[in-house]
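Here's a model to look over together. Keep the sequence and the 3D view side by side while you read.

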Amino acid sequence: MRRVRYDCTGGPLFLEEAPVPEPGPDELLVRCEAIGVTLPAVRKVTEAAEPIPLGGEIAGEIVAVGEGVTRFRVGERVTGLCFGHGYADFAILHEAMASPVPDHADAVDAVALVRSGLVALGALTAARPEPGEAALVTAAASGVGHLAVQLARTRGATRVVGAVSDPAKSTFVRALGADDVITYDQADWGVRVDYALDAVGGELLTPCVAALAPGGRLVAYSSGGGTIRAYDLLVGAKSVIGFQMAHIARGKPELYERWRQELWHLFGDGTLKPAVHRKFALEDAAEAHATIESRVNSGKVVLVP
């Protein structure tokens with residue numbers, strides 16, 4: 001089979017031939033039909049001290065199962081998070097991380113919706129939204145952000161503001177249902193919201209906090225770091241909440257599954273519409289990573305073996 005690998009920090013990525021892996025206990029062997037490309041995967045290449053397998057979101061057909069697997073059978077279609085080599089024709093998926101793909105969806109829908117949707121829904125839930133509130137979503141055109149814009153409406157937001165790096169993304173974000181779109185470089189964002197979902201971090205934390213109304217909540221789910229002055233929170237009785245999907249996946253599997261079911265329900269009735277910026281061939285993984293690094297994407301970036 002083919003798989004994408006790199007030999008040193010920073011790459012380059014290259015395609016190599018490798019044996020098809022065999023599923024171990026509680027594992028599924030999946031023929032990959034779609035692979036989601038994310039910023040954390042890109043950062044593995046650019047920042048990790050040594051090369052590690054490029055895992056991530058995959059979707060496809062089960063072709064073999066390991067000992068102890070009870071929830072799935074060969075021939076079924078699944079999606080989930082792969083912790084090994086996921087940029088490949090075949091990948092190993094642990095049964096606990098897999099969920100079925102409904103008949104009305106394809107593999108590309110699955111990788112565009114599930115993992116990114118879980119992060120968006122989790123961050124939104126952490127904000128404790130109330131009907132009638134106003135929401136701000138940074139990286140509003142990203143794989144997670146474009147779903148968060150839509151999901152905020154399902155939680156009763158009467159005003160949704162999208163923040164983007166490039167004004168060229170404004171039309172896309174407005175089409176998702178955003179009432180207003182701002183760009184990061186505006187001196188004054190000129191908005192007041194009840195909660196903000198931030199996927200960027202760094203210098204963007206300051207304007208995010210400034211955009212909060214008194215009592216507002218900022219949910220930070222970025223790995224970009226950054227600091228906030230305690231005084232800026234104190235004067236407006238504002239709060240900051242950190243969110244990481246891994247804590248839900250490991251510690252609250254029932255909630256994790258309930259969120260997955262909600263996402264598929266919203267997809268099925270047309271409320272939630274995942275967007276794909278572009279589909280790349282497996283051999284073009286480097287170009288897919290460059291697209292994520294340059295922040296030009298509007299929607300999900302997907303590899304299709």
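Strand 8, helix 3 (residues 145-154) and strand 9 form a right-handed β-α-β unit. Right-handed here means that, with the strands pointing away from you, the path from the first strand over the helix to the second runs clockwise. Helices (H or I, at least four residues) and strands (E, at least two) are DSSP runs, numbered from the N terminus. One thing to keep in mind: this is a predicted model, where local features need pLDDT of at least 70, side-chain atom pairs count only at pLDDT 80 or more, and totals for chains, interfaces and linings use all residues. Residues are numbered from 1 along each chain as its sequence is written, and side-chain values use heavy atoms, with hydrogens and water left out.

| Strand 9 (residues 159-164) | parallel | five | Gly 162 |

Now for the side chains. In a regular strand they alternate between the two faces of the sheet. In strand 8, Ala 134, Leu 136 and Thr 138 point one way, while Ala 135 and Val 137 point the other way. Are these residues buried or exposed? All are buried, meaning under 20% relative accessible area (1.4 Å probe, protein chains only). That makes five of five residues buried in strand 8 (residues 134-138).

Definitions and conventions: Buried < 20%, exposed > 50% of the residue type's maximum accessible area, 1.4 Å probe, protein only. Pairing = 2+ DSSP bridges.
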